[in-house]
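Good morning, colleagues. I would ask you to look at the sequence and the structure on the screen before I go through them.

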Amino acid sequence: MIQHIVLLRLRPPHTPDEPALQELERDTHRLGDAVPAIKEMRFGRNVTRRADAHDYALVALFVDEAALADYLDHPAHREVSARWAAVSDRAVADLYETPSPHAEE
């Protein structure tokens with residue numbers, strides 16, 4: 001399994017209270033239904049207000065790299081991603097799910 005992790009930080013003057021951003025949040029939530037390659041997805045606003053925190057996080061689970069590639073190329077993902085790119089900076093990481101070395105302790 002591959003975890004696709006995206007952190008989004010809004011660029012000024014954008015705020016989560018904007019109607020367009022609230023619509024973008026709803027459309028991002030809908031990716032889970034729109035893109036068959038997504039096995040599981042979580043998305044939402046950050047609940048902490050630390051100076052170094054991002055505003056939103058998305059974590060999606062894919063069975064393999066081919067499924068992740070299908071997601072990245074899916075029109076629904078490309079459209080939502082372009083809208084986020086217009087209002088935010090992002091950090092992305094894709095990692096294989098592996099058990100913690102401390103899981104058996």
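Predicted model: local features only at pLDDT ≥ 70, side-chain atom pairs only at ≥ 80, totals over all residues.

Residues are numbered from 1 along each chain as its sequence is written, and side-chain values use heavy atoms, with hydrogens and water left out.

The protein chain holds three helices and four strands; helices (H or I, at least four residues) and strands (E, at least two) are DSSP runs, numbered from the N terminus. Read from that terminus, the elements follow the order β-α-β-β-α-α-β. The C-alpha trace spans about 45 × 35 × 20 Å along its principal axes. Of the 105 residues, 30% are buried, where buried means under 20% relative accessible area, exposed over 50%, and partly exposed in between, with a 1.4 Å probe and protein chains only. Of the contacts with a separation of 6 or more, 72% are between residues 24 or more positions apart; a contact means heavy atoms within 4.5 Å.

Let me take the pairings in turn. Strand β2 (residues 40–45) is joined to β3 by six bridges, and Arg45 stands opposite Tyr56 in β3. Seven bridges link β3 with strand β1 (residues 2–10), again in the antiparallel sense; here Leu7 faces Ala57. Between β1 and β4 there are nine antiparallel bridges, and Arg9 has Asp89 as its bridge partner in β4. Strand β3 (residues 56–62) is largely enclosed by the rest of the structure, because five of its seven residues are buried.

Axes are lines fitted to C-alpha atoms, for helices over the stretch in contact, and angles run from 0 to 180 degrees between N-to-C directions.

Helix α2 (residues 65–73) packs against helix α3 (residues 75–87) at an angle of about 60 degrees, with the axes 5 Å apart. Their contact is made by Tyr71, Leu72 and Asp73 of α2 together with Pro75, His77 and Arg78 of α3.

Is Thr28 buried or exposed? This residue of helix α1 (residues 19–34) counts as buried, because its relative accessibility is 2%. The side chains of Thr28 and Trp84 are joined by a polar contact of 2.8 Å; such a contact is a pair of N or O atoms within 3.5 Å, where within protein one must be able to donate a hydrogen and the other to accept it, and residues adjacent in sequence count only if both atoms are side-chain atoms. Leaving aside residues up to four places away in sequence, Thr28 touches Met41, Phe43, Leu58, Val80 and Trp84.

Finally, a detail of the backbone. Most peptide bonds are trans. Pro12 and Pro13, however, are joined by a cis peptide bond, with omega about 10 degrees, and Pro13 lies in the loop between β1 and α1.

Technical notes:
Pairing = 2+ DSSP bridges.
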